[in-house]
Amino acid sequence: MLHPAQRYIVLLSLLCNPFAFLYAAQASTKPVKNIIIMIGDGMGVSMTSAYRYYQDNPDTPEFEASLFDRFLVGMASTHPEPVSGYVTDSAAGGTALATGYKTHNQMVSTHPHKKKLKTLLEFAQEQGKATGVVVTSQLPHATPAAFLTHHPKRFEYQKIMDKIMEHPADVMLGGGLKYLKSQHEQKLQKQGYQILKTWKQLNQIKSSKVLGLFTPVALNKAIDAVDPYHLTHMTQAALKTLSQHKSGFVLMIEGSQIDWAAHSNDIVTAMHEMQDFEQALQQVLTFTKTHPDTLVVVTADHATGGLSLGKSIAPNYHYHWDADQIRRIQHSPDYIVQHMPLNTPQRAYFAKQLGFPLKQTYWQQIKAHLKDKKQLVSILTTIINEESNTGWTTHGHTGDDVQVFAFGKQSQLFHGYQKNTDIGRHLINVVKQTPHTQDAS
Ligand SMILES: [Zn+2]
């Protein structure tokens with residue numbers, strides 16, 4: 001249904017151009033064949049702002065827009081059911097996007113009173129569409145679980161995995177080999193699934209159904225991985241496989257670890273996760289050029305960390321955020337600590353890794369904690385935040401609204417202010433409008 005303002009615009013264009021009626025009728029009645037929902041877990045407004053400046057080419061005078069900037073259409077509130085307050089977790093946030101219903105924190109597409117909440121992927125399967133999930137977390141983690149199954153407790157990963165395997169999606173790519181039992185494998189193989197366990201196999205998909213789990217739990221952080229674009233490459237493979245299904249597909253892609261970096265208040269790791277997520281979006285955009293009957297919606301389940309670009313404290317106001325500083329660091333604080341030399345000069349090592357000469361105060365802090373690796377990671381993270389003037393208010397989630405980006409068929413449904421549940425409901429309505437059988441196009 002058109003927003004009142006959009007109806008006014010259609011009416012106005014009809015008065016000016018009688019042929020506009022034909023175009024308007026076509027736009028509203030032609031069904032959407034494919035739906036792609038991309039979720040940046042923990043990707044609040046300040047995260048996409050930070051990424052815009054991080055990916056800017058410093059050699060040009062202007063700040064280049066990020067790919068996200070090109071498709072901004074609205075904002076969404078993210079609170080869970082009021083009993084859980086204003087700040088959602090990924091289970092309730094994922095449930096809102098996957099089912100159109102708010103629930104309590106911790107609950108995965110389940111409600112204490114309404115029990116199972118039917119998901120977008122289940123509606124898609126009913127319409128004869130293929131379904132897929134691509135994530136950088138373990139497969140039974142909150143967001144993918146909210147799209148794939150129903151469970152009251154998000155951290156019961158094995159039980160969630162067992163349920164996912166009862167009703168699997170056609171394409172499932174991510175981490176979580178630890179939760180895959182031999183009986184799961186046998187069942188999937190009988191159903192025609194190809195099972196991938198190495199990255200090399202990602203280029204060798206022959207079946208239209210595939211489960212790829214590449215690490216025991218979550219994938220490696222993009223910043224420290226041999227291939228910093230795992231999400232991008234999994235997205236490519238999923239699109240190739242799912243587009244063979246003639247009746248279309250629904251695919252959920254999650255940049256799962258943007259949230260984890262923000263929980264650690266680690267801006268460097270967060271920017272690399274954002275880069276992989278943006279490149280995955282680029283793959284999706286390229287796909288829509290040859291498949292224009294596709295709807296793409298990109299949003300976040302919530303913001304994390306209370307990130308701010310600037311963190312001055314009175315009376316020394318300092319209007320500054322240093323993206324250059326963040327660009328100079330090539331590994332996560334965790335990796336830097338795990339790989340520190342034991343015999344060679346450590347001060348020079350840390351200075352090289354952090355990309356700036358180490359002030360005496362910083363070196364004193366590092367030196368005092370060389371034997372406590374966990375504490376040392378936290379000290380390095382704090383030093384990077386100090387040097388780049390990056391602020392954080394919490395190690396948890398926040399209740400801020402998140403951005404909504406959309407393009408393609410029916411993307412006008414997501415314009416303006418909305419609740420996170422509106423996004424889920426609109427997606428489900430679009431799937432339900434699809435005829436059961438469609439010609440390939
Ligand atoms: Zn989180």
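How many bridges join strand β1 (residues 34-40) to β9? Select both: 6 bridges join β1 to β9, and the two run parallel.

Before the next stop, some ground rules. Residues are numbered from 1 along each chain as its sequence is written. The model is predicted: local features need pLDDT of at least 70, side-chain atom pairs count only at pLDDT 80 or more, and totals for chains, interfaces and linings use all residues. Helices (H or I, at least four residues) and strands (E, at least two) are DSSP runs, numbered from the N terminus. Two strands pair if DSSP finds at least two bridges between them.

**Stop 1: strand β9**

Stay on β9, residues 249-255. I39 stands opposite its E254.

Is β9 buried or exposed? 7 of its 7 residues are buried, so β9 is largely enclosed by the rest of the structure. Buried means that 20 or more other C-beta atoms, placed from the backbone, lie within 10 Å of a residue's own; exposed means 12 or fewer, and partly exposed is in between. Colour F249, L251, I253 and G255 for one face of β9, then V250, M252 and E254 for the other. In a regular strand the side chains alternate between the two faces of the sheet.

**Stop 2: the whole sheet**

Select the 10 strands of the open sheet, in the order β7-β8-β6-β5-β9-β1-β10-β15-β2-β16. The pairing is mixed. β7 and β16 (416-419) stand at the edges, each with a single partner strand, so one side of each has no neighbour in the sheet. On average, neighbouring strands are turned by 15° against each other, direction ignored. These angles use axes, lines fitted to C-alpha atoms (for helices over the stretch in contact); in general angles run from 0 to 180 degrees between N-to-C directions.

For an antiparallel pair, pick β10 (residues 294-299) and β15, joined over 5 bridges. L295 stands opposite G408 in β15.

**Stop 3: strand β8**

Move to β8, residues 210-213. It pairs in the parallel sense with β6 (residues 171-175) over 4 bridges. It also pairs in the parallel sense with β7 (residues 194-196), over 3 bridges. V210 and G212 on one side, and L211 and L213 on the other, are all buried.

Zoom in on G212. It has 24 other C-beta atoms within 10 Å. Its bridge partner is L173. Leaving aside neighbours within four places in sequence, G212 is in contact (C-beta atoms, placed from the backbone, within 7 Å) with L173, L196 and L202.

**Stop 4: helices α4 and α17**

Show α4 (residues 90-99) and α17 (residues 420-433). Their axes come within 5 Å and cross at roughly 35°. G93, A96, L97, A98 and T99 in α4 meet N420, T421, I423 and G424 in α17. By class, this contact has 4 nonpolar, 5 polar and no charged residues. Ala, Val, Leu, Ile, Met, Phe, Trp, Tyr, Cys and Pro count as nonpolar, Asp, Glu, Lys and Arg as charged, and the others, Gly among them, as polar.

Which residues of α17 are buried? They are N420, I423, G424, H426, L427, I428, V430 and V431.

**Stop 5: helix α3**

Finish on α3 (residues 45-54), where S46, M47, T48, A50 and Y51 are buried. What covers them includes α10 (257-263), α11 (267-290), β12 (308-309) and β15 (402-408).

Conventions
Contact = placed C-beta atoms within 7 Å.
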